[in-house]
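Biologist: Could you take me through this model, starting with the sheet and then the core?

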Amino acid sequence: MALKFNYYIPTKIVFGKGSLDKLAKLKLPGKKALIVTGGTSTTKLGYVDRVVNLLKEKEIESVVYNKILPNPNNVQVDEGADIIKSEGCDFIIGIGGGSSIDSAKAMSMVAANEGKCWDFISGAARMKNKPMPVVAITTTAGTGTEADQYFVITNEELNQKIGWGGEKFFPTLSIVDPDLMMTVPPKYTAYQGFDALYHSIEGYIARVANPMSDMYALKAIELIGKYLPTAVKNGADEEARAAVAMANTLSGMVEATSSTTSEHAMEHSLSAFHPELTHGAGLIMISCAYHKHFAPHIADRYVDMARALGYRDTTDPMDFVKALEQLIVDCDVADLKMSDFGIQKSDIEELADNALATGGLMFKVDRVQLTKEDVMKIYEESYK
Ligand SMILES: [Zn+2]
């Protein structure tokens, strides 16, 4: 590979056990914050109150918006943006999983401009003003959005789930405190950990991979292979939680410097039609068939990843698929079935059409182009 890369990750990342308490000492980008969150665990566990109190120490006012759903949608983004305008907030804090932070990013665009969220995402309106500053406080190890410039928003009316973003959407500050992740239930620890894993895998096989993203990706894949099963089975294991959190932030950096591939487009189609389906679970369901398809075409890259997952001396790209299947078993998520989420075999053509129509760019970065028939075949092989 030619030694060429572009690098731009302007986010200040404060990583490590106990780092939330540093909020009161860090420079923040405004005087009044809208705190955006999902309203269940972050409130119950007292994280939102902690943030409000830490802000008070700095004489920063805050308003809480806590209605974000697991697959965040444009209606909530518009609602939050209206509150930002009416309350006169000048920055946004997303606290929670990817859904809260992605919503904060989308609100940062809508609140600083004239128009609704979907006007910008659909291309009907252009962003004239730069988005408001966003602070990300992540309580899960899944999307990596704390270290990248993207957000994903669903329009339930149109059954579209679209990733959007650009250089102006990097958070100003991200706090990654593994202590906040200790109580994530096993199932979600697995879904989120696999999402991070796929960000790195896809970033490694994408056409736009480069020496910088490769470095982050292989390290993240190795950490997840080694520590995710422990984080799932024993959530109180601090070492495993910190390692998976680290892998997730590295995977965000992979997204910032490389790209996700059509695997993500294919998942977005599943959860666009079934918003109750968690993103990571959707990815797990299609991933083995997906990577079986690609492994023989990009053998050297899959051999590298198989080695990172423990097949130290292998030269067989299919060992990667074996390692992935084993990791899925070890993390107790091998029984995920599309049919349990109401997906029918007869939906497959529509799912493929939707993935191809809305995920265009992610298909373009594949090293081997998928036809509609290939996409349908991957869904079919994944179907249980
Ligand atoms: Zn993802």
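The conversation below covers the sheet, the helices across it and the nonpolar core.

Modeller: This is a predicted model, in which local features need pLDDT of at least 70, side-chain atom pairs count only at pLDDT 80 or more, and totals for chains, interfaces and linings use all residues. Residues are numbered from 1 along each chain as its sequence is written.

Biologist: What is the strand order in the open sheet of six strands?

Modeller: The order is E1-E8-E5-E4-E2-E3, with parallel pairing. Strands (E, at least two residues) and helices (H or I, at least four) are DSSP runs, numbered from the N terminus, and two strands pair if DSSP finds at least two bridges between them.

Biologist: Which are the edge strands?

Modeller: Strand E1 (12–15) and strand E3 (61–65), each of which pairs on one side only. E3 pairs with strand E2 (residues 32–36) over five bridges, and Val63 in E3 is the bridge partner of Leu34.

Biologist: Which strands does helix H3 lie across?

Modeller: Helix H3 (residues 74–87) lies across E2, E3 and E4, at about 160 degrees to E2. Axes are lines fitted to C-alpha atoms, for helices over the stretch in contact (C-beta atoms, placed from the backbone, within 7 Å), and angles run from 0 to 180 degrees between N-to-C directions.

Biologist: Now the core. How many residues has the largest one?

Modeller: The largest nonpolar core has 118 residues, and Ala220 is among those with the most contacts inside it. Such a core is a set of buried Ala, Val, Leu, Ile, Met, Phe, Trp, Tyr and Cys residues joined through C-beta atoms within 7 Å; buried means that 20 or more other C-beta atoms lie within 10 Å of a residue's own.

Biologist: Why does the core lie between the two domains?

Modeller: Because domain 1 (12–180) and domain 2 (186–382) both give residues to this core; the bounds come from an automatic or database domain assignment.

Methods: Buried ≥ 20, exposed ≤ 12 C-beta atoms within 10 Å, placed from the backbone. Contact = placed C-beta atoms within 7 Å.
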